[in-house]
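Trainee: I'd like to learn how to read a structure, one feature at a time. Can we go through one together?

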Amino acid sequence: MEISVKDDLNLNMIANSGQCFRWEALPVSQKEGGKFRVPMRDKCLIIEQPSENEYELDCSEEEYESIWKEYFDLNNDYSSIRKRIKKKDDPFLYEAASKGAGLRILHQDPWETLISFIISQNRNIPAIKKSIETLCGLAGKEKKDSEGRLYYSFPEPEDILSMKDEEMAACKLGYRDEYIMLTAKKVAEGDFDLNKAISMEADEAIDYLMTLKGVGLKVASCVTLFGLHKLDAFPVDVWIKKVLENEYKKGYPKEKYTPYNGIYQQYMFEYYRAK
DNA sequence: AGGCAGGCTTTTA
DNA sequence: TAAAAGCCTGCC
């Protein structure tokens, strides 16, 4: 099916934004917007942008309405969220948001997001992707997309628990493998319930996530933003720390930007990382 | 009590 | 060799 989106849906930008690690770029002939396979839970979507504002999706209307519309956060108007920032008020954020037009905060699966961001700590993005890909290949289910290509689903907690030591080692998780195992165990046994976190306020969800070993403030904030889709969560990583130190010496006006702190954080993250 | 140094696996640039 | 979408432990 086809959809039309006015603005703020740039597939290449989102794919490289560091919020999702399993989008796969598919070969494409001169398509400016790129073509991607986007896996989520037991589904995957192939999406491409044949022309300005037009997108081709390999799913039914029903599936789009029930799953992918929410996944791409298409019920939020990012263009008007960007326009809340006044150049005179906050020139740095204004510039970052202008450059970031096209980004969106995806609404990803909470479990996959939790494990992915535990893996992400103290590593760069290519290394994160490699670990996750190996993990899915060894513990996920074999699947085929609508074009017949093979891919693997993200493993459930039980799948991770049944991995052999040498399989875990092959994922090159380093000291994080213990964190992954303990988290999988807690979730599988019902001692940690991600559904509870979904119904919490952002700050409350972050505190709850931090009860997991290996989940600190930064990882919990990322999971809350990218997996629980609480758009006010504001992850502070090494890049945002630099932004706050260099551009907001007198303090960052977080209260002013509620409830969209997470979106603005993403603009600043991309902007500073690119520089 | 809350803050800080040091250590941790491995890959990437 | 330092840095990478950091966190834990132990010490003060």
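Trainee: Where does lysine 172 sit?

Mentor: Helices and strands are DSSP runs (H or I, at least four residues, for helices; E, at least two, for strands), numbered from the N terminus. Lysine 172 falls in the loop between helix H8 (165-170) and helix H9 (176-188). Keep in mind that this is a predicted model, where local features need pLDDT of at least 70, side-chain atom pairs count only at pLDDT 80 or more, and totals for chains, interfaces and linings use all residues. Residues are numbered from 1 along each chain as its sequence is written, while chains are lettered from A and ligands numbered from 1 in the order in which they are written.

Trainee: Is lysine 172 buried, partly exposed or exposed?

Mentor: You count C-beta atoms, placed from the backbone: a residue is buried if 20 or more others lie within 10 Å of its own, exposed if 12 or fewer, and partly exposed in between. Lysine 172 has 15 C-beta neighbours inside 10 Å, so it counts as partly exposed.

Trainee: Which residues are around DNA strand B?

Mentor: A residue is near a strand if its C-beta atom, placed from the backbone, lies within 6 Å of it. For DNA strand B, the residues around it include our lysine, Lys172, along with Asn122, Arg123, Asn124 and Tyr175. To sort them by class, count Ala, Val, Leu, Ile, Met, Phe, Trp, Tyr, Cys and Pro as nonpolar, Asp, Glu, Lys and Arg as charged, and the others, Gly among them, as polar. The surface near DNA strand B then has three nonpolar, three polar and three charged residues.

Trainee: How many residues surround DNA strand C?

Mentor: There are 21, and the closest are Gly18, Gln121, Asn124, Gly216 and Val219. By class, this surface near DNA strand C has seven nonpolar, ten polar and four charged residues. Helix H12 (217-226) and helix H15 (261-274) each supply at least two residues there, and H12 gives the most, with three residues.

Trainee: How is chain A divided into domains?

Mentor: Domain bounds come from an automatic or database domain assignment. Here chain A has domain 1 (2-75) and domain 2 (110-226). Their C-alpha centres lie 23 Å apart. Two residues are in contact if their C-beta atoms, placed from the backbone, lie within 7 Å. The contact between domain 1 and domain 2 takes ten residues from domain 1 and twelve residues from domain 2. On the domain 1 side, strand S3 (35-40) and strand S4 (43-51) are the elements that give two or more residues.

Trainee: Which residues have the most contacts inside the largest nonpolar core?

Mentor: In soluble globular proteins, nonpolar side chains tend to be buried together. A nonpolar core is a set of buried Ala, Val, Leu, Ile, Met, Phe, Trp, Tyr and Cys residues joined through C-beta atoms within 7 Å. The largest one here has 63 residues, and those with the most contacts inside it include Ile118, Leu209, Val219 and Tyr264. H12 gives the most to this core, with six residues. Domain 1 and domain 2 both give residues to this core, so it lies between them. Take leucine 209: leaving aside neighbours within four places in sequence, leucine 209 is in contact with Ala197, Val215, Ala220, Val223 and Thr224.

Trainee: What share of chain A is buried?

Mentor: Buried residues make up 36% of the 275 residues in chain A.
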